[in-house]
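Trainee: I would be grateful for a close look at one part of this model, namely the place where the two chains meet. Please describe what each side contributes there.

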Amino acid sequence: METKFEFKEIQSRPERLAPGHRMCAGCGGTIAVRNVLKALHPGDKAVIGNATGCLEVSTFTYPYTAYEDSYIHNAFENAGATMSGVETAYNALKKRGRIKENYKFITFGGDGGTYDIGFQSLSGAMERGHDMVYVCYDNGAYMNTGIQRSSATPMYADTTTTPAGKCSAGKTQYRKDLAAIIAEHKVPYVGQTTFIGNMKDLYTKAEKAIYTPGPAFLNIMAPCPRGWRYDAPSIINICKLGVETCYWPLFEVIEGKWILSYEPKEKLPIEEFLKTQGRFKHLFKKENEHLIAEYQKEVDKRWEQLKERCGA
Amino acid sequence: MAIKERMSGNEAIAYAMKQINPDVMPAFPITPSTELPQMVSNYIANGEMDTEFIPVESEHSAMSAAIGASSAGARTMTATSSAGLAFMWEVLYVAASNRLPIAMAVVNRALSGPININCEHSDSMGARDSGWLQIYAENNQEAYDNFLQAYRIAEHKDVKLPIMICQDGFIISHGVQNIELLEDDKVKNFVGEYHPEHYLLKEDEVCSVGPYAITNFGMEGKKAQAHAMDSAKKVILDVAAEFEKVSGRKYGLYEGYELEDAEYVIVAIGSVCGTIKDAIDELRSQGVKAGLMKVRVFRPFPAEEFTDAIKGAKAVAIMDRAESYSSQGGPLGSELMAAMYRGHLKAEAINIVYGLCGRDVNVAEIREVYAQLKDIEKNGAAGREYQYLGLRD
């Protein structure tokens, strides 16, 4: 589908996640939500869903809600199934003439609720073909419960369940490639993005995800200042380095066709990304140099595989 | 004219589902409730109903999708058994606390282990504190009739709670019996249309479901649920009275069988009550004042009505088809004994666990229970307060 990106017009659209919620300053989660919801065309109705996590407990604390649209939170592991029920109800009520207007269905989960505990529920919803968008705001750990590792946590990250210590260099495994796994469900649209430049990449992918009929999945790297340990204002720089080092490649999969959204002119070494965050601090000790070399090898391998898939 | 048929309990419930034709049904197969989504799928495939069926990938997702659909404003149903109900556990509470009138056909089956597909009430009894209404059946007719009454109770403005319509696995669900069905138009008129007050897809408002509520507000939500559960008792009776008008069949919170003047009373739930009634007929012909109080409604627990019904008894045996591993007896035993204490009943009461893992119970065994009650009246219950029926030596 064709998308048009007019920065000023888009940024002047009313916020659908109202200010006054209780998320941290510098949180990537809210940046993801606000910008995805900006991609809803003005006037279009939507139901927003949410897995349990920081986002939910901080934006819908009874008796307040930050959402301008109808919103449902059910539990941690079932955002996919829950929204599949809402979307099916919409079809049933439409069929029976009980509602007339059109709705879009967008649900948000963190990486814990998406890659791990909600994986089955997400897979089921994608496979059944519901017309909905599942957005993972991936901050690479269970941040709401206090920075425990998930299958999205990057290798060697210091988390509270993979602490770096005398006998440990943090998480031993590389992250799960969830966008690829969902793409293998052969859904019509999958996009991976983060906060780059004027958000054009995020916006256009969100718009395609929302307005492509059928199930769509968006994976958004959304840094967490508490878990990643950086100064809030540096979030945009971190995202940029994630992309320029090819740690977090930008791509989309449209009807099974893999498309690289951006290829750095000069791929930066992975330490440029790692050194911006306290969770990788231990890697910069003299005795851990070989770990960074290993990291680079893994990033390179995955980047080459992705390029091959994209025919780039 | 009512339609006379022969049907299994599952066929009867599926027929009720077809007649009600709710908006959405997410479901996942598990023995012995599997036939329900199968039969509904067949009805849909043949154009006999047009409910939107969601073939979810688990029971957890069945209940999660049911919560989504019901929140969105759809009349929603599902079905499950045993491990499937256990897998839903977490979200059962979410459905109840969000005040969603989902109807679920529960075909009672033992929880593992050992893995066992036969009848036991451990599944729904385990979920007794989840905030769902629970109504039990003795046979296929009652299962059908209860399902027809389900939405009228659950959707009532004083209730707004989800409801489990329970029937014994295999014994009722697969046993074929005679049944009287209501005509489609009678069902349609009786059940009525669903017009919720607030829902996600209400076009002139936005609605938020499932908040984070902490110390300042959470407790009032729980109290409101408890209040709704309490109000449900009257609604259940009102709906039963209306149902009697269209069906000629009478329902209450319990059914008394030879109960009025009974000296020796068994209290039980489900299909075993048929066996108990046979034993009572025999004993009555021999002059023994035996009676039965069959529990129909377990949630809410009608403590006053139950104790009032058995206040004339000299000895009572409370039968549980579920263990609760409290070392004190089963769930019906604990709750009814607590109610008897509060109601100042003086009768001796014992708690009998029976029929676990589908073990059969026969008339001779029930006769023995009545004989025990007679003996207990004279010699007291000491040492017999909590016992198993029909164990191998």
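This is a predicted model: local features need pLDDT of at least 70, side-chain atom pairs count only at pLDDT 80 or more; totals for chains, interfaces and linings use all residues.

Mentor: α4(A) is mostly covered, with 14 of its 17 residues buried. At 1.5 Å a residue, the 17 residues of this helix (residues 79-95) should span 24 Å, and the end C-alpha atoms are 24 Å apart, which agrees. After α4(A) comes Gly97(A), with a positive phi near 70°.

The contact itself draws 37 residues from chain A and 35 residues from chain B. On the side of chain B that touches chain A, at least two residues each come from β2 (24-27), β3 (52-55), α3 (59-71), α4 (82-97) and β9 (208-209) of chain B. The greatest contribution to that side is made by α3(B), which gives nine residues. Sorted by class, this side of chain B holds 21 nonpolar, nine polar and five charged residues.

Strands also join the two chains: β2 of chain A (residues 70-73) pairs with β9(B) in the parallel sense over two bridges. Within β9(B), Ser208(B) is the bridge partner of Tyr71(A).

Finally, consider the largest nonpolar core, which has 231 residues; Val135(A), Ile163(B), Ile165(B), Val265(B) and Val267(B) have the most contacts inside it. Domain 1 (3-247) and domain 2 (254-388) of chain B both give residues to this core, so the core lies between them. As for Ile163(B), its contacts beyond four places in sequence are Ala103(B), Trp132(B), Leu133(B), Ile135(B), Ala150(B), Ile153(B) and Ala154(B).

Definitions and conventions:
Residues are numbered from 1 along each chain as its sequence is written. Chains are lettered from A and ligands numbered from 1 in the order in which they are written. A nonpolar core is a set of buried Ala, Val, Leu, Ile, Met, Phe, Trp, Tyr and Cys residues joined through C-beta atoms within 7 Å. A residue is buried if 20 or more other C-beta atoms lie within 10 Å of its own, exposed if 12 or fewer, and partly exposed in between; C-beta atoms are placed from the backbone. Domain bounds come from an automatic or database domain assignment. Two residues are in contact if their C-beta atoms, placed from the backbone, lie within 7 Å. Helices (H or I, at least four residues) and strands (E, at least two) are DSSP runs, numbered from the N terminus. The expected span of a helix is 1.5 Å times one less than its number of residues. Ala, Val, Leu, Ile, Met, Phe, Trp, Tyr, Cys and Pro count as nonpolar, Asp, Glu, Lys and Arg as charged, and the others, Gly among them, as polar. Two strands pair if DSSP finds at least two bridges between them.
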